[in-house]
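Subject: Structure for you to look through

Dear colleague,

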Amino acid sequence: MSLSNDFYSKAKELIPGGVDSPVRAFGAVGGDPLFFQKAQGAYLTSVEGEDYLDFVMSWGPAVLGHAPQEVVDAVKKQAESAFSFGMSCPLEYDLAKLMTDTIDGLEMVRFVSSGTEATMSAIRLARGFTGKDQFIKFEGCYHGHSDGLLVKAGSGVSTFGTASSAGVPEGYTATTRTAIYNDLESVESILRDGETSAIILEPVAGNMGLVPGEKDFILGLRKLCDQYGALLIFDEVMCAFRVHEKTAAELYGVKPDLFCFGKVIGGGLPVGAFGGRKDVMEKLAPLGPVYQAGTLSGNPLAMAAGIKNLEVFLRDKVWEKTNDLGKSLNDKVQKLIAGRSDVCFTQLGSMFTLFFKETLPKNMDEVGDCDFDRFGRFFQFCLKNKILLPPSQYEANFLSCAHTDKDFDHYVSTLEQFLKEDQ
Ligand SMILES: *Cc1c(COP(=O)(O)O)cnc(C)c1O
């Protein structure tokens, strides 16, 4: 019995499934989950004291690597003066200023404590602004776990085979209309009745594995939104600062009406944000009629971490480093798997996915063709070789500027060995 097993057994007595977020239970890949005690650079240390090369990176926030000294210092310093005011503090303006100066089209922003809150609030705002109730989301895109958005969501929801979730009344999803990713026609047929308030999507999807939106698709959505009077919402909780120096919006040259952020902008502390057009954002309370609030929204510790994480990211041109590292990993893997029809690999900036199928998927249905059992075996093989992958084929992998070519060589040689042994 390992220490992790021990903690897992104890946790299961008091916490449903022993975890506070389902994917951590390793349900899709089998075996018992590991428990961890330390995160530094590109490595996690388990409670047993074993180091694992990490490609989860807290699901995205740790773009500088785990526990970068400057962020640690900023959080420590802030902790000396206040954890929380329940009132406003200057740090909220500082992060808002940094983000609005950096991101084209982000005229105003409001902070929340998670990506889930950001997308939930953005949808409410879009409805309040347009006066329409319906909205469109795409199969395989995950926007957090609020009721109306928990329809054909990727990630953990797909992993567990729940199309939706128990406990979500039909009425709550009656205004959610789902379309097919990278398929404009599936969108336009829904828009025609003019009842749609917004289209929300991950412009680069990361919750069905890494599946980038095709350029024509993203440009087409912008046009359709303008034509039918719907707002375009880019959920960049995962992809901002990972697929581009700034946003996916910049990558495609498309300006959404609203953005959602999280992950990187909190530097590992619980932060989300939504923002965009000023005329839309001014509909929010206390200025406008759309209510939205949070006890810990704009929390000073989280703001301090987010500001420093983003400052260092921009100052040190971390994007260039992570993008180069991503390309280097891609070169190594493509060389290894050239000519194979059982596996394919894709990378964009500091995100990547190895799919156990012949060709890269363009939508959720095509991701469904992967050999999920084989992914489970690969996950376990990596774990034995001290590499932690996201425990589902539906999750993207993340790297940071703390990863090295030596780390990638270890990953690639592990993959090579696996492909030899697992015929
Ligand atoms: C992670 C994620 C969310 C949800 O964020 P939480 O902080 O987990 O609530 C929403 N949208 C996307 C695209 C995400 O990747």
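By about how many helical turns are K308 and E311 separated in helix α11? Because K308 and E311 are 3 residues apart in helix α11, about one helical turn separates them, where helices are DSSP runs (H or I) of at least four residues, strands are runs (E) of at least two, and both are numbered from the N terminus.

Please keep in mind that this is a predicted model, in which local features need pLDDT of at least 70 and side-chain atom pairs count only at pLDDT 80 or more, while totals for chains, interfaces and linings use all residues. Residues are numbered from 1 along each chain as its sequence is written, and side-chain values use heavy atoms, with hydrogens and water left out.

The side chains of K308 and E311 meet in a salt bridge at 3.3 Å, N to O, the term meaning a side-chain nitrogen of Lys or Arg within 4 Å of a carboxyl oxygen of Asp or Glu. The structure holds 17 salt bridges. Another of them joins R315 to E70, with the closest N and O atoms 2.8 Å apart; R315 lies in helix α11 and E70 in helix α2, so this pair ties together parts that are 245 residues apart in sequence.

D226 is exposed at 53% relative accessible area, whereas R222 is buried at 15% (buried means under 20%, exposed over 50%, and partly exposed in between, with a 1.4 Å probe and protein chains only).

With kind regards
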